[in-house]
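Hello,

Here is the structure I said I would pass on.

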Amino acid sequence: MPYLGSEDEVKELKKALCNPHIQADRLRYRNVIQRVIRHMTQGSDMSGVFMEMVKASATIDIVQKKLVYLYMCTYAPLKPDLALLAINTLCKDCSDPNPMVRGLALRSMCSLRLPGVQEYIQQPVLNGLHDKASYVRRVAVLGCAKMHTLHGDSEVDGALVNELYSLLRDQDPIVVVNCLRSLEEILKQEGGVVINKPIAHHLLNRMSKLDQWGQAEVLNFLLRYQPRSEEELFDILNLLDSFLKSSSPGVVMGATKLFLILAKNFPHVQTDVLMQVKGTLLAACSSESRELCFAALCHVRQVLHSLPGHFSSHYKKFFCSYSEPHYIKLQKVEVLCELVNDENVQQVLEELRGYCTDVSADFAQAAIFAIGSIARTYTDQCVQILTELLGLRQEHITTVVVQTFRDLVWLCPQCTEAVCQALPGCEESIQDSEGKQALIWLLGVHGKRIPNAPYVLEDFVENVKSETFPAVKMELLTALLRLFLSRPAECQDMLGRLLYYCIEEEKDMAVRDRGLFYYRLLLAGIDEVKRILRSPQSDPSLRLLEDQAERPVNSWASDFNTLVPVYGKARWATISKCQRVERHGPELPNTASFATSGPLIPEENKERVQELPDSRALMLVPNHQLTAECFEKTWLSLKVAHQQVFPWQGAVHPDTLQMALQVVNIQTIAMNRAGAQPWKAYLSAQDDTGCLFLTELLLEPENLQMQISVKQNKARTETLNSFISVLETVIGTIGDIKS
């Protein structure tokens with residue numbers, strides 16, 4: 001069998017399409033066309049049979065027409081000369097007596113991505129708006145939006161907008177919804193479709209005739225209308241009441257958001273609405289669709305901010321199943337922490353206790369942290385469970401339990417005695433830095449209550465040379481000096497050895513400086529050491545910060561039924577900005593605003609920046625992957641094509657920056673951790689023409705400057721300027737660039 005897409009295969013199909021005997025047999029002819037479509041969808045180049053496929057559209061067989069139209073829409077941009085034949089065929093089919101053919105031809109014509117095609121589709125679209133068949137009107141309305149997009153930045157056609165507004169009264173409900181979508185796209189620059197009182201009430205009265213997708217869409221548009229009187233408000237709420245009981249979660253959520261927004265001055269109405277949709281949210285939390293389940297859990301947490309006990313009686317709905325994915329389990333554990341009360345605390349703790357020995361170490365640690373969170377209210381039960389978990393001698397469990405104990409004794413000093421009794425022996429099961437720091441802190445602050453505290457710290461001192469984490473060494477210095485104040489005889493010798501090592505042998509400057517500071521502090525006298533190091537051992541007042549007051553519904557109502565509960569407000573704002581940059585191109589910074597910081601753009605390049613083309617011409621490849629070795633080799637072989645300096649204030653957040661760059665298809669090759677000085681990052685991107693952009697970000701905090709250096713494997717000034725604009729906008733969005 002010849003290779004798919006080879007010349008022999010194309011010739012064979014072309015011969016079959018021209019065979020009069022095959023053309024006479026409808027089924028055989030359709031089968032040949034299906035073979036062409038199958039090869040096309042598999043990635044083979046079938047443009048060689050374009051002329052024969054256009055001829056095949058002259059048929060009364062609807063299925064065959066659909067296949068041929070799909071082919072023509074795919075290959076028309078590759079064959080612009082022959083595409084005129086396709087346009088003529090489509091224009092003729094727009095006058096076909098069969099409404100299915102008319103609608104299909106109009107939809108296909110609007111899908112052609114050809115320069116100058118708008119002059120051919122304008123009249124068929126306008127004719128389709130007045131067609132007797134509702135299917136043709138549906139297609140024509142959406143075609144208006146496509147036609148406007150093809151016109152680019154031209155002015156909005158007022159007559160077309162008025163025609164679409166009049167079609168909001170169409171008898172077909174799908175035409176009405178399509179009109180709203182088209183108007184939103186056409187009037188995007190003016191703020192979108194305007195919803196006034198007649199339109200709002202008309203849409204509300206037509207809601208029952210729409211499908212669930214249309215209802216969800218209309219509910220979203222109705223958010224723009226504000227009733228003018230209290231009487232009108234409650235009339236609208238009465239019309240919406242039935243949609244709170246819809247079988248579609250999307251419709252229920254949309255109706256709930258509209259209720260919450262409209263009833264912003266009536267908190268009791270908002271509470272009643274949230275009570276009504278409790279069942280829908282609980283059902284969604286048990287849905288087989290993982291995406292729906294996760295989104296529902298995020299919204300449940302949002303509701304609990306205002307109604308803490310709203311789901312308490314249904315706490316068992318949030319117990320985890322072994323087959324659920326990790327991210328859903330974590331959300332359920334977070335919800336369970338917020339549902340605990342006097343009646344269910346024992347059952348919830350027993351459930352969480354079972355999760356602590358889960359095969360997933362991350363999930364087990366999350367469950368332990370959850371028990372620690374509940375311990376701030378129900379201390380005795382939780383401390384007992386945590387103490388029993390220490391007896392398992394599992395490294396990942398012991399580490400998190402000790403961290404939980406550290407936070408617990410700070411917030412709840414009444415449990416200090418029980419924690420000190422549980423600690424001896426756990427040092428053998430701790431290997432990671434976080435667990436070591438927590439244990440050392442407890443031994444230093446509460447060492448006088450722990451009999452073997454000096455001897456445990458002595459083990460850390462003896463192994464300090466092999467310790468790889470500077471944070472552990474600094475914590476050890478502080479803890480040993482604190483313990484020296486309460487148990488000097490046992491700690492004096494090892495404290496001297498530790499100070500000598502940190503000052504004379506340690507290579508990390510932060511540890512060395514900490515050792516020097518404590519040495520000089522001891523020279524100043526023991527009273528001075530006590531004054532500085534004997535800080536409070538706990539602060540129960542911080543529990544007030546942990547137990548935040550109930551938030552009013554209006555504080556989050558506008559975020560309900562969006563992705564904000566899923567991502568968080570700050571992170572979603574970053575993602576939205578980056579998506580706008582990718583879709584519409586970045587806004588060029590005002591170079592004059594940087595005048596006080598020196599010339600960021602050389603004088604000879606200012607004219608180029610002012611004449612910069614629309615960055616939408618730059619298409620970065622989404623799946624571009626470059627290894628670190630290849631990056632280094634290419635970087636060393638190229639010269640810097642562009643260098644620029646920004647004034648910068650604030651810290652760098654590597655995770656946020658990497659996520660933002662990924663959204664605009666820029667790959668992170670290497671990046672320093674937060675706090676590194678100087679901070680560096682190396683980036684890579686490639687456009688659809690094969691042009692490679694290699695970038696170095698260098699931040700020197702003492703200079704308050706971020707330096708960007710870009711190298712390019714092909715000398716193209718326009719694409720380089722477009723790439724720089726994208727990079728500037730991303731960094732300016734997530735950073736703290738003062739312009």
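By class, 14 nonpolar, seven polar and four charged residues make up the lining of the second largest pocket. In this count Ala, Val, Leu, Ile, Met, Phe, Trp, Tyr, Cys and Pro are nonpolar, Asp, Glu, Lys and Arg are charged, and the others, Gly among them, are polar.

The model is predicted: local features need pLDDT of at least 70, side-chain atom pairs count only at pLDDT 80 or more, and totals for chains, interfaces and linings use all residues. Residues are numbered from 1 along each chain as its sequence is written, and side-chain values use heavy atoms, with hydrogens and water left out.

The second largest pocket holds about 590 Å³ of space. Gly250, Met253, Gly254, Asn561 and Thr562 are the closest to its centre among the 25 lining residues. Two or more lining residues come from each of α13 (212–221), α15 (249–262), α17 (278–285) and α18 (290–304). A pocket here is an open set of points on a 1 Å grid over the protein atoms alone, where a 1.4 Å probe fits, with protein on both sides within 12 Å along at least five of seven lines; lining residues have an atom within 4 Å of a point. The volume is the space filled by probe spheres set on the points, which are joined across faces, edges and corners. Helices are DSSP runs (H or I, at least four residues), numbered from the N terminus.

Next, the helix pairs. Axes are lines fitted to C-alpha atoms over the stretch in contact, and angles run from 0 to 180 degrees between N-to-C directions. Contact means heavy atoms within 4.5 Å.

Helix α21 (residues 361–374) packs on helix α23 (residues 395–411) at about 25°, with the axes 9 Å apart. That makes the two roughly parallel (angles under 35 degrees). Their crossing is right-handed (the near helix is turned clockwise from the far one by less than a right angle). The residues in this contact are eight nonpolar, five polar and no charged.

For helix α20 (residues 345–355) and helix α22 (residues 379–390), the angle is about 20° and the axes lie 11 Å apart. This crossing is right-handed too. Val345, Gln346, Leu349 and Arg353 of α20 meet Gln381, Cys382, Ile385 and Glu388 of α22.

Helix α25 (residues 433–445) and helix α27 (residues 470–486) pack at about 10°, axes 8 Å apart. Their contact has nine nonpolar, three polar and three charged residues.

Regards

How values were computed: Parallel < 35°, antiparallel > 145°, perpendicular 65-115°, else oblique.
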